[in-house]
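Biologist: I would like to learn how to read packing, interfaces and sheets in a model of several chains. Can we take one feature at a time?

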Amino acid sequence: MTEIVAKFDSVSYLYPRSSKLALRDVSLEIKKGEFVGLIGPSGAGKTTLCLTFNGIVPQFYGGRFWGKIVIAGMDSLEVSIHDLARRVGMVFEDPETQITATSVEAEVAFALENLGVPREEIEVRIVEVLKILRLEGMEDKHPHELSGGQKQRLAIASALALQPELLVLDEPTSQLDTLGQQEIFAALHALNQKLGITVVIASHASEALADYADRLILLADGEVIASGRPNELYSQVPLLETCGVRPPQVSQIFHLIASRVGQPAAFPVTLNAGIAHFRDICEHYRLACPKFAALDLKKTGTPLFSVQELCYRYPDGTEALRGVSLDIHRGEYVLVAGHNGAGKSTLVKHFLSLSHPTSGKVLVDGVSTDRLSVSALARRIGYVAQNPDNQIFNATVWEEVAFSLRVLGYSDADVQCRVKDSLATLDLLEQRDLHPLSLPRSDRVRVVVAAALALQPEAIVFDEPTTAQDYRGAKVILELSRTLHALGKTVVVITHQLYLMPSYAERMIVLGGGKIVLDAPLRQAFHALETLRTASLVPPQAVLLSRVLDPEALLVTPDEVAACFFPND
Amino acid sequence: MAIGEGVRLDTPSGEEREVKAVGGTTIDGAPIAYVVALAAVVTVLAFIPLSVVIGSGKSFPMSQGIYPLVGWLLGPVAGALANGIGSLAGVFLAPHTSTMPIATVFGAAAGGLASGSMCVRDTRRSLRVVSVVVFVLAYSLYAGRAVLQNGASLWAVLLGSLINWSALLLFLLPTRTYFARWIGDQDLRKVAMGLFGGTWMIAGLVHLCTSAIIYFVLNWPNAVWVSIAPFAPFEHAVRCLVGTVIGTGVIAGLRAIGLVKPTYALY
Amino acid sequence: MTIGAFQTVARDSLFTRLDFRTKLLMIVVVTGIAFIWESPLLGGGLAFIVLLTCLFAGVSFAYIWRVVAMTAPFYLIMILTQALFAGPLIAARTGQDRLTMLLTFPEHWWLIGGSGFSREGLLYAANVVFKTLTMTLIIPLGIFTTDINKMVVSMVRLKIPYRFVFIFSSTLRFFPLLFQEAHFILEAQRLRGLALEEIRGIKRLNVYARIAIPLILNTMVKSQMLEVVLQSKAFPGDANRTYLHESRLGKADYILIGALSLFFVTAIISYFVFGLGKFGGPA
């Protein structure tokens with residue numbers, strides 16, 4: 001019989017000063033060697049559940065607790081957090097905050113030192129875990145010198161060095177790009193398969209969980225709604241969508257096919273299984289893929305943004321952009337994609353005059369940015385940064401939105417009018433007197449967008465707006481972008497989460513190594529598989545599956561793929 | 001309503017357990033993570049120069065505007081630590097940014113201790129007594145050396161050290177309590193007044209500690225006392241403005257976010 | 001703004017091999033003696049030795065030049081003020097009532113008419129310059145030649161509570177991150193229309209002050225997460241906490257500690273008994 005590493009028995013928890021249970025009657029078991037995924041929307045209780053494994057909930061926070069949790073044979077309320085820390089390694093969402101040391105090896109050593117592990121043993125474990133996580137040779141590096149994926153691997157290495165019974169990870173990939181996410185899941189898979197480490201991971205990365213998890217637990221409102229193998233849970237698409245969880249696109253496609261032509265015999269949830277099954281079922285149904293006319297993106301007139309042979313070199317000599325040329329016309333909705341370090345943000349900063357070319361030209365509406373100040377461009381181009389908190393400087397939502405208007409010398413009447421309009425558009429009028437930082441993250445993004453919108457800019461740039469958002473939160477922000485586009489604004493969105501974009505962007509520009517490797521209408525771009533692969537981007541599963549049916553059809557969404565299927569009459 | 005009438009019970013099914021909340025690691029009631037955070041902020045702001053100080057050819061760093069605030073946010077011991085370690089880290093990172101590292105660190109730490117001990121509840125009396133002794137001694141050595149050992153005129157020294165003795169007076173008098181009360185008030189205008197007055201007082205004492213050590217080394221002549229007299233209060237007022245703007249924004253934000261307050265926080 | 005980073009020397013030397021406690025003693029002793037000495041000859045000698053030692057230890061000449069260049073305006077002001085106005089101070093130190101004037105300004109000149117540059121004033125100014133240079137350069141000699149992790153362990157060996165040392169090392173860890181964040185905040189303000197280059201005076205102050213507000217608030221919010229992280233890593237740990245790095249005093253350390261102690265005691269005794277190091281004294 002497989003050993004139980006963690007057992008929850010009717011566990012409920014109420015944070016101090018809260019009136020809503022964060023966890024309600026949670027009963028579950030985690031077996032040794034399992035790879036368990038925790039899925040659920042933001043606020044479902046995933047983080048709270050993760051923090052119960054090492055006793056931080058409730059011992060650190062206080063509050064009220066019901067039920068019993070046994071971790072490696074120990075009652076989590078009877079044993080100190082200090083002792084539980086030996087048994088449970090923890091990795092958190094933010095790669096920066098969880099690393100406290102000034103070098104890689106010091107970080108790995110930190111928890112071991114706290115637990116009084118002898119120095120010789122610490123040295124041995126450091127060598128071991130750095131090798132496992134492919135960080136050898138980086139012992140003396142400052143964390144600031146590491147990439148996001150490397151930082152999270154370091155966090156995993158630090159947790160692994162404890163030789164824990166259980167490794168718990170709370171959204172470890174939400175702030176990473178596709179490459180970083182793949183690195184982390186591959187590392188966890190290896191730890192689970194080769195070393196038998198029990199893994200519990202809370203994540204929105206449905207596709208990765210479908211590939212790697214042995215079991216999924218669906219949480220909503222603090223309760224366990226369902227539990228089962230990925231192919232059991234991810235096939236329950238209506239349930240998942242009701243709970244605000246995005247299933248893998250493979251699941252969505254098969255669910256939609258089932259709605260059209262009846263329940264298929266098998267319900268794959270992974271890409272490979274989906275491709276294999278597609279090949280099987282194609283014979284059983286009539287296929288007729290919708291045709292999409294090739295989009296002509298040629299525009300006339302002066303582009304709003306024109307980049308001509310742009311090269312940019314950082315002071316340390318790093319070439320961030322190498323001979324980039326492109327035009328973006330008014331009214332376009334453009335997706336800019338690429339892995340971390342590809343030059344996306346650097347390119348966009350040139351539009352805003354925050355950076356100036358080492359060589360080449362950048363023109364805004366025909367005028368070189370050398371002749372345009374950042375403040376002048378701010379009236380015309382709004383910018384929403386990845387971290388909205390860096391763009392909040394005032395004590396109320398109203399003041400925040402009015403900030404730019406006052407700085408730029410608008411009259412009081414104008415300020416009143418524009419702020420009111422902007423808040424109304426973003427549905428923030430009720431929150432006008434609240435401090436922006438007291439709002440949830442997705443509302444803070446809306447405040448920043450409202451602040452940009454108050455200047456009535458012609459264009460808005462969203463820099464990685466969906467990072468660290470759950471599916472619902474990401475959709476809210478993208479719907480905002482759609483609203484702005486409908487108002488006639490030119491919209492530029494930087495993201496690597498390609499699966500979110502088909503209903504929004506018309507055109508995709510892919511950067512790789514400081515160069516444009518692809519600039520095409522979205523459909524063509526999503527199907528340029530080899531180019532995307534070299535740029536370390538992963539097209540949506542719908543694209544990959546559709547190519548089994550008809551590579552020429554250029555399908556990009558689950559609905560489009562499912563629409564190919566008709567019953568055999 | 002009884003079960004079975006379609007009403008969901010809110011009571012969890014498990015047995016309620018006694019929770020012995022241990023909280024996190026603290027230093028004198030302030031979470032250690034807060035101390036780390038503010039120490040790092042002090043270090044960063046030490047790299048942002050604000051204005052040119054006429055007479056010495058150097059600018060003053062923005063960190064000087066927040067030394068008092070750190071004590072008000074964390075309490076006396078944690079505030080002293082955050083300021084001291086933050087400024088020490090700044091010295092280690094860029095030794096050339098401080099005229100005299102020991103003076104910078106000592107002044108910053110003393111400022112945190114003094115501002116943190118201002119709290120209205122009078123429970124930090126011993127720390128306040130220590131602060132008073134240190135500051136009175138510092139001023140005595142500072143002004144005393146100038147007049148008695150270096151031959152400067154008493155009036156020149158008094159005028160040149162206006163921000164120091166005025167700060168000391170404000171700290172000794174009931175004004176200290178008024179400032180503390182205003183900083184803890186819910187009305188942000190009172191908070192701003194308390195911050196301005198409090199920053200004049202505490203930053204003046206920081207300046208005193210720093211200058212006392214620096215003067216021991218530099219022993220500037222009488223003419224320098226005369227020349228800094230008109231400019232020092234202006235520069236100090238700028239420091240207070242900076243502290244007020246930052247402090248008001250931070251305190252409003254902290255109250256809105258509802259972060260757990262350290263035991264001896266004043267806001 | 002350029003991102004500051006913890007600097008280290010590029011090469012191995014005696015100083016990189018010394019324990020940090022020894023270097024800390026060196027900093028304290030040299031700073032103390034520089035503090036007390038007012039003789040430009042001895043102060044200059046000490047400054048010269050510290051400078052040479054910095055170069056020997058691997059502190060780059062470019063860095064030293066930068067230090068000198070940044071503090072040059074301050075030194076110039078010191079030189080001018082002491083040279084012009086140091087009369088009463090010199091009289092109080094040496095009992096001299098007449099100074100040796102090297103240059104006297106015409107009587108009719110406003111404010112400075114009749115005064116001039118005195119030899120004694122210039123010498124006193126030189127003493128001030130050497131003092132401050134010594135106290136500034138001794139820091140990189142001790143700090144740049146030490147690995148941060150070894151510094152941490154040495155501080156613990158000096159009985160500084162580990163929690164305090166942890167705050168120090170974490171500050172160094174988070175500094176680059178926060179520095180970058182301050183830069184992003186400033187950028188965000190510019191993107192809201194703030195034309196920094198056109199703003200002057202109090203308004204500019206307001207802008208810079210507003211960088212600090214989101215910086216402090218965001219940092220405090222993140223620090224709550226840091227609390228949880230520390231708990232999950234069993235912080236603050238056992239009373240018998242172990243350390244990966246070691247702090248051991250070797251032969252060279254003991255020799256240097258002895259030499260520094262002797263130097264300090266000798267300097268103090270000489271100063272008070274023989275006046276060696278006093279302004280106007282034997283040296």
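Biologist: At what angle do the axes of helix α9 and helix α11 of chain B cross?

Modeller: First, a caution: this is a predicted model. Now the pair. Helix α9 (residues 188–218) and helix α11 (residues 231–257) of chain B have axes that come within 8 Å. They cross at roughly 135°. An angle over 145 degrees would count as roughly antiparallel. α9(B) and α11(B) are therefore oblique to each other. The crossing of α9(B) over α11(B) is right-handed.

Biologist: Which residues make that contact between α9(B) and α11(B)?

Modeller: From α9(B), they are B:L188, B:V191, B:A192, B:L195, B:F196, B:T199, B:W200, B:A203 and B:G204. From α11(B), they are B:H236, B:R239, B:C240, B:G243, B:T244, B:G247, B:T248, B:I251 and B:A252. By class, the contact of α9(B) with α11(B) has 10 nonpolar, seven polar and one charged residues.

Biologist: Take another pair in this chain. How are α5(B) and α7(B) oriented to each other, roughly parallel or roughly antiparallel?

Modeller: Start with the angle again. Helix α5 (residues 125–149) and helix α7 (residues 162–172) of chain B cross at roughly 155°, with axes that come within 11 Å. That makes α5(B) roughly antiparallel to α7(B). Here the crossing is left-handed. On the α5(B) side are B:V132, B:F135 and B:Y139. They meet B:N164, B:W165, B:L168, B:F171 and B:L172 of α7(B). The contact of α5(B) with α7(B) divides into seven nonpolar, one polar and no charged residues.

Biologist: Now the interfaces. How many residues do chain B and chain C bring to their contact?

Modeller: The size of an interface is often given as the accessible area lost when the parts come together. Here we have residue counts. Chain B gives 63 residues and chain C gives 61 residues. On the chain B side, the elements that give two or more residues are α1 (32–45), α3 (76–93), α4 (101–116), α9, α10 (222–228) and α11. α1(B) has the largest share, 12 residues. The side of chain B that touches chain C holds 46 nonpolar, 16 polar and one charged residues.

Biologist: And chain C against chain A: which element of chain C gives the largest share?

Modeller: This contact takes 42 residues from chain C and 51 residues from chain A. Two or more residues on the chain C side come from each of α7 (148–157), α8 (162–190) and α9 (201–232) of chain C. The largest share, 13 residues, belongs to α8(C). The chain C side divides into 21 nonpolar, 11 polar and 10 charged residues.

Biologist: What domains does the assignment give for chain A?

Modeller: Read the bounds first. They are domain 1 (4–237), domain 2 (248–284 + 541–569) and domain 3 (305–540). Next, look at spacing and contact. The C-alpha centres of domain 2 and domain 3 of chain A are 34 Å apart. Eight residues of domain 2 and nine residues of domain 3 form the contact. Helix α21 (residues 541–549) of chain A provides four residues, the largest share of the domain 2 side.

Biologist: In what order do the strands β6, β7, β8, β3, β9 and β10 of chain A lie in their sheet?

Modeller: Strands of a sheet pair through backbone hydrogen bonds, either parallel or antiparallel. This open sheet of six strands runs β6-β7-β8-β3-β9-β10 (chain A), with mixed pairing. β6 (88–91) and β10 (223–228) of chain A each have a single partner strand, so one side of each is left without a neighbour in the sheet. Neighbouring strands are turned by 20° against each other on average. Inside the sheet, β3 (residues 35–39) and β8 (residues 198–202) of chain A pair in the parallel sense over four bridges. A:F35 has A:V199 of β8(A) as its bridge partner. Helix α6 (residues 148–160) of chain A packs on this sheet, touching β6 and β7 (166–170).

Note on methods. Residues numbered from 1 in each chain as written. Chains lettered and ligands numbered in written order. Predicted model: local features only at pLDDT ≥ 70, side-chain atom pairs only at ≥ 80, totals over all residues. Axes fitted to C-alpha atoms, helices over the stretch in contact; angles between N-to-C directions. Parallel < 35°, antiparallel > 145°, perpendicular 65-115°, else oblique. Left-handed = near helix turned anticlockwise from the far one by under 90°. Contact = placed C-beta atoms within 7 Å. Nonpolar A, V, L, I, M, F, W, Y, C, P; charged D, E, K, R; others polar. Domains from an automatic or database assignment. Pairing = 2+ DSSP bridges.
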